[in-house]
Amino acid sequence: VDLRKDRVCSSNSTWCLLAGDGQSEQKIVIILKTHKTASSTVLNMLYRFGEERNLRFALPLGYQLRYPLPFNAHRVKGYRGPRATEFHIMGNHMRFNKPEVEKVMPADTFYFSIIRDPVALAESSFAYYKEVAPAFRKAKGLGDFVDDPNKYYDPRLCNNHYARNLLWFDFGMDNNANFSVELAQHGEAMIRQTFRLILVSEYFDESMILLRHALCWPLDAVVSFSLNARQQKSGSNSREKLRQWNALDWYLYKTFNRTFWEDIDKFGRAQMEQEVALLRMRREILGRVCLKDGGKPVEAYRIRDKNIRPFQCGVVKILGYELQPGLDNATRTA
C-alpha cells in the first residue's frame with residue numbers, strides 16, 4: 001500500500017485557503033476538539049500528519065489542556081511566553097479561550113472544529129459520562145433525564161457541563177445561558193470570526209474531503225479508522241426535548257450544517273461524490289491489509305497489543321481494532 005500518493009491540492013481557490021502558490025501543505029493547525037463528535041479520529045490524523053513531518057505539538061502539561069476550565073497558555077508543555085516557542089499543531093481537549101490560544105499559536109494558524117447533532121451527542125454523552133456528570137448519575141436513563149432535566153441538573157456541580165449545550169461550552173461560552181436568537185447569533189459570529197471550517201460528524205467523509213482541500217493535504221492524510229466507537233447506541237424517543245434542552249447547541253448545529261452544505265455546493269457535488277468514493281476505497285484497502293477480519297471493530301479485551309486498546313469510560317464498551325499478524329515493519333508503522 002503506497003501511503004505517499006495523491007499530494008496534489010485542489011486547484012479550486014475556494015478550497016485552497018493558503019497564501020502563495022496554492023500547492024503548499026498547511027502545517028499550522030488547531031482543531032477545537034469538541035466532545036463526542038468523532039474529534040478523536042480527526043486528532044489522530046493530525047498526530048499522524050505532524051509526526052510524519054517532524055512538527056511540534058502543543059501538548060498539555062497534565063491531563064488535557066486545563067479542561068473544563070478555560071484554556072490557559074501556561075498549561076502547554078514547553079510554553080515559555082507568547083510565541084517564544086514555535087508550535088504547529090494543537091488539538092487536545094480544551095475550553096476555547098482565544099486570547100490565550102493566540103499566545104501559543106502563530107498568527108497564520110488554521111482553526112477548525114467539528115460538530116454533531118445534539119440529540120446524538122446527548123445520547124453518546126450520557127453513555128460515556130454517566131458516572132462523571134452528577135446530572136446523569138442521578139437519572140435511571142436518558143429518557144428519565146430528558147423528561148425532567150431540572151430535577152437532575154444543577155449548573156453549579158462540577159462536570160454537569162457534559163449534560164447541557166456541550167458544544168457551546170467547548171467553544172468557550174456559557175452553556176447555562178437562557179436561549180435567545182440574539183445570544184445564539186452572537187455566539188455564531190464569534191465562531192465564524194475565528195474558525196475557518198466547521199465539519200459535521202454525520203457527514204464525516206465529506207468533512208474529510210473539505211478539510212484536506214482546505215489544508216492542501218494528500219488524501220491519505222485523512223484516511224482513518226473510526227476511534228472510540230460505541231458497541232451500541234441508546235435509543236431515545238425524546239428528540240424534540242433534547243433539542244429544547246440543548247437549544248444553543250441545536251442552533252449551532254442547524255446553522256453550521258447549512259454552511260457545510262453550502263461549502264459542498266461551492267466545491268461541487270459531483271466532485272465530492274468522486275472523492276468520497278476514493279476515500280472509502282482507500283480505507284477499505286488499508287483495512288484489509290492492516291486489520292484482522294477486514295477492519296471489523298472488536299471489544300478491547302480481544303486486542304492483544306495493549307498499546308492500541310481503546311480507553312474505556314462510561315457504561316458502554318468502546319471498540320477498537322486488532323492488527324493483522326505478520327505485517328512487515330513499514331506496513332505496521334503505517
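Helices here are DSSP runs of H or I with at least four residues, numbered from the N terminus. By that rule His213 belongs to helix H9, which covers residues 204–215. The model is a predicted one, and the protein in it has 13 helices and six strands.

Confidence comes before detail. The mean pLDDT of the protein is 88, with 89% of its residues at 70 or more. Residues 1–14 have a pLDDT below 50, and this stretch makes 30 contacts in the model beyond near neighbours in sequence. The pLDDT is also below 50 over residues 17–21, a stretch with eight such contacts.

For the protein as a whole, 54% of the 334 residues count as buried. Among contacts between residues at least 6 apart in sequence, 72% join residues at least 24 apart.

The largest nonpolar core holds 92 residues, and Met90, Phe112 and Phe145 touch the most other members. Helix H11 gives this core its largest share, eight residues. Leaving aside neighbours within four places, Phe112 is in contact with Val29, Ile30, Ile31 and Leu32, with Val42 and Leu46, and with Phe195, Leu197, Leu199 and Leu211.

Helix H11 itself can be checked for length. After H11 comes Gly268, whose phi is positive, near 115 degrees.

The next helix to consider is H12, residues 269–290, which contains Leu279. Leu279 has 0% relative accessibility and therefore counts as buried, the cut-off being under 20%. Not counting residues up to four places away in sequence, Leu279 touches Asp205, Met208, Ile209, Leu219, Val222 and Val223. Of these contacts, Asp205, Met208 and Ile209 fall within the range of H9, residues 204–215. The C-alpha atoms of Leu279 and Glu206 are separated by 9.4 Å, although the two residues are 73 apart along the chain.

This leads back to His213. With a relative accessible area of 3%, His213 is buried, because the limit for that class is under 20%. The side chain of His213 makes a polar contact with the side chain of Glu275, at 2.9 Å. Glu275 lies within the range of H12, residues 269–290.

Note on methods. Residues are numbered from 1 along each chain as its sequence is written. This is a predicted model: local features need pLDDT of at least 70, side-chain atom pairs count only at pLDDT 80 or more; totals for chains, interfaces and linings use all residues. Side-chain values use heavy atoms; hydrogens and water are left out. Helices (H or I, at least four residues) and strands (E, at least two) are DSSP runs, numbered from the N terminus. pLDDT is the predictor's confidence in each residue, from 0 to 100. Contact means heavy atoms within 4.5 Å. Buried means under 20% relative accessible area, exposed over 50%, partly exposed in between (1.4 Å probe, protein chains only). A polar contact is a pair of N or O atoms within 3.5 Å; within protein, one must be able to donate a hydrogen and the other to accept it, and residues adjacent in sequence count only if both atoms are side-chain atoms. A nonpolar core is a set of buried Ala, Val, Leu, Ile, Met, Phe, Trp, Tyr and Cys residues joined through side-chain atoms within 4.5 Å.
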